[in-house]
Amino acid sequence: RPFVRLVGVTKTYHAGAQEFLAVRDVTLDVEEGELVSIVGPSGCGKSTVLSILAELQAASGGTVEIGTPDSPFTPGRDVGMVFQKALLLKWRTIIDNVMLPAEILGLPRRASRERARDLLEMVGLSKFADAYPQQLSGGMQQRASIARALVHDPKLILMDEPFGALDALTRERMNLELLRIWRESSKTILFVTHGIQEAVFLGSKVAVMTAGPARMAAQFEIDLPEP
Ligand code: ADP
Ligand code: ADP
């Protein structure tokens, strides 16, 4: 049984008497530990699909199942999110930013701090634990936000155009970095992008959405060579 199963998911927004179909008929299976890309043009409903998975809003129709009997899923607790902007709090050090989700969830402080240190090492920022966000480049800030998404050990990582604001070269390096982080952390990752190249490079499965009203147009699997 897949870790994430979406079947015929729809989302309708209401504006007064008007109805707007933002997402129509999205069907997708994601196995535990898989990295799946969702690609499509701006406005096609990719962020909406992620917010439904994060249970920030409900779907209007269809079914959404997350978790398996062996690996149950707790909404809120088991989601880590990465956005286009790193959104680090500028008055907090990098390690204190990384610890934020653990703090909000009330996890034991000492263990969280240790975990934050390990994660900073994994994303190559050990030396910057006590620096402030402004001292880091865009790529480094985004790596810190990936560590923050992992600190409470969530089962599902949702990434919404995480490298969209970076220059082309940094973006390419971050793609390689993400593959390494994915292999080391063995998390289930959903990666949303409007870049088809990036989607195909990263995902073992690529779901393609089309613009207005958005639907899942195609899905294909990619045979990856063993690392
Ligand atoms: P993408 O992430 O692919 O760019 P979004 O999921 O952000 O697309 O948006 C899909 C469509 O739904 C867009 O046309 C957007 O304007 C509309 N939309 C998104 N959020 C809302 C909302 N809260 N209320 C009304 N319309 C929305
Ligand atoms: P970019 O995001 O600009 O591509 P990287 O995140 O790849 O940069 O960082 C490359 C390296 O440059 C880092 O590992 C770090 O050692 C160094 N570096 C970048 N910015 C700074 C900074 N503000 N202070 C010290 N070293 C930095």
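Tutor: On a 1 Å grid over the protein atoms alone, a pocket is an open set of points with protein on both sides within 12 Å along at least five of seven lines, while a cavity is a set where a 1.4 Å probe fits but cannot get out; an atom within 4 Å of a point makes a residue part of the lining. Volume is the space filled by probe spheres set on the points, which are joined across faces, edges and corners.

Tutor: This is a predicted model, where local features need pLDDT of at least 70 and side-chain atom pairs pLDDT 80 or more, while totals for chains, interfaces and linings use all residues. Residues are numbered from 1 along each chain as written, chains are lettered from A and ligands numbered from 1 in written order, and side-chain values use heavy atoms, without hydrogens or water.

Student: What volume does the largest pocket have, and which residues are closest to its centre?

Tutor: The volume is about 380 Å³. The lining has 14 residues, and Val-79, Gly-80, Met-81, Pro-101 and His-152 are the closest to the centre.

Student: Which elements each supply at least two residues of that lining?

Tutor: They are β5, α3 and α5. Helices (H or I, at least four residues) and strands (E, at least two) are DSSP runs numbered from the N terminus.

Student: What makes a residue of the lining nonpolar, polar or charged?

Tutor: Ala, Val, Leu, Ile, Met, Phe, Trp, Tyr, Cys and Pro count as nonpolar; Asp, Glu, Lys and Arg as charged; the others, Gly among them, as polar. By that rule the lining of the largest pocket divides into 10 nonpolar, 3 polar and 1 charged.

Student: What lines the second largest pocket?

Tutor: Ala-168, Arg-171, Glu-172, Asn-175, Gln-197, Glu-198 and Phe-201 do. Two or more of these residues come from each of α6 and α7 (196-202). The largest share, 4 residues, belongs to α6. By class there are 2 nonpolar, 2 polar and 3 charged. The space in this second largest pocket is about 210 Å³.

Student: How many cavities of 30 Å³ or more are there?

Tutor: The count is 1. About 40 Å³ of space lies in the largest cavity. Its lining is Ile-146, Leu-150, Ile-157, Met-159, Leu-178, Ile-181, Ser-185, Lys-187 and Ile-189. Two or more of them come from each of α5, β6 and α6, with the largest share, 3 residues, from α6. The classes are 7 nonpolar, 1 polar and 1 charged.

Student: Why is α5 called mostly covered?

Tutor: Buried means under 20% relative accessible area, exposed over 50%, and partly exposed in between (1.4 Å probe, protein chains only). In α5, 11 of the 13 residues are buried. Gly-139, Gln-142, Arg-143 and Ile-146 are among them. What covers these buried residues includes β5 (79-82), α2 (94-98), α3 (100-104), α4 (109-122), β6 (156-160) and α6 (168-185).

Student: Which class does the accessibility of Arg-113 give?

Tutor: Arg-113 has 26% relative accessibility, so this residue counts as partly exposed. Arg-113 lies in helix α4. Beyond its neighbours within four places, Arg-113 is in contact with Ile-95, Asp-96 and Met-99. Its C-alpha is 8.8 Å from that of Val-98, 15 residues apart along the chain.

Student: What makes the radius of gyration agree or disagree with a compact globule?

Tutor: The globule rule is 2.2 Å times the number of residues to the power 0.38, and the radius is taken over C-alpha atoms. For 227 residues the rule gives a radius near 17 Å; the protein chain has 18 Å, so the two agree. The C-alpha trace spans about 50 × 40 × 35 Å along its principal axes.

Methods: Contact = heavy atoms within 4.5 Å.
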